Amino acid sequence: MSQATKEKKRRASIGASRNPESQEAILQAAEAILLEAGLHGFSIEAVARRAHAGKPTIYRWWPNKTALLLDVYLRQKSDNIFADTGDVEEDVFLFLKRLIGYWRETPGGALFRSVIAAIQGDPDMASTLRAFAHERHQRTAEIFRRGQERGEIAAWVDPKLSAEITSYYAWGRLLRDELDVADEILRQVARQIVEGLRSR
């Protein structure tokens with residue numbers, strides 16, 4: 001490869017706008033390192049070497065290790081955890097069942113639990129996780145917004161707060177490593193969450 005070609009490829013991977021090819025190489029490298037070495041062996045330096053990317057490029061796109069780990073987590077996680085059955089209680093049940101099932105049956109649960117543990121005492125990483133949680137709660141809040149539109153949920157209900165309550169039940173299960181939970185329990189949780197929010 002000529003020096004001019006190398007320089008062109010290097011420039012293509014640098015900048016505020018992510019180059020799709022470079023981004024894919026970095027995410028693939030991050031996944032491979034997590035699989036081979038676990039979280040303790042994961043570092044931006046290791047990802048840069050594996051992806052043949054510069055550390056400045058990675059830090060330009062992901063401000064810290066937590067941000068990159070969360071992108072890897074989302075890459076592995078499907079949005080099919082969100083159902084739209086026309087019944088808000090059923091949608092909450094399916095959200096909990098699918099999310100907890102994903103954490104239990106894939107490496108995603110251990111990864112997300114490790115990310116939460118790793119941010120303790122690090123304000124920058126904690127801020128990254130807060131931003132991530134805010135975005136995910138906004139997505140989950142659609143369950144309750146649809147319920148309001150159908151008249152199932154009272155107008156005074158804050159959909160995002162309802163999403164946080166629902167999600168933090170699942171997060172608590174994850175952090176306590178209590179992911180073996182029967183459908184009957186999750187249906188009861190969904191019922192207790194939704195019944196207090198229904199239109200009267």
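Q: Over the face of which ring does Arg187 lie?
A: In this predicted model, a charge counts as sitting over a ring if CZ of Arg is within 6 Å of the ring centre and within 35 degrees of the ring normal. Arg187 lies at 3.8 Å from the ring centre in question, and the ring is that of Phe93.

Q: At what distance from the ring centre of Phe82 does Arg139 lie?
A: Arg139 is placed over the face of the Phe82 ring. Its distance from the ring centre is 4.1 Å.

Q: Is Phe112 buried or exposed?
A: The relative accessible area of Phe112 is 1%. The cut-off for burial is under 20%, so Phe112 is buried.

Q: What is the angle between the planes of Phe112 and Phe132?
A: Phe112 and Phe132 form an aromatic pair with a centre-to-centre distance of 5.9 Å. The pair is classed as tilted, with an angle between the planes of 55°.

Q: How many residues apart in sequence are the parts that the pair of Phe112 and Phe132 ties together?
A: Phe112 belongs to helix H7 (residues 108-118). Phe132 belongs to helix H8 (residues 123-149), so the pair ties together parts whose separation in sequence is 20 residues.

Notes. Residues are numbered from 1 along each chain as its sequence is written. This is a predicted model: local features need pLDDT of at least 70, side-chain atom pairs count only at pLDDT 80 or more; totals for chains, interfaces and linings use all residues. Side-chain values use heavy atoms; hydrogens and water are left out. Buried means under 20% relative accessible area, exposed over 50%, partly exposed in between (1.4 Å probe, protein chains only). Rings of Phe, Tyr and Trp (its six-membered ring) pair if their centres lie within 6.5 Å; planes under 30 degrees apart count as stacked, over 60 as edge-to-face and the rest as tilted. Helices (H or I, at least four residues) and strands (E, at least two) are DSSP runs, numbered from the N terminus.
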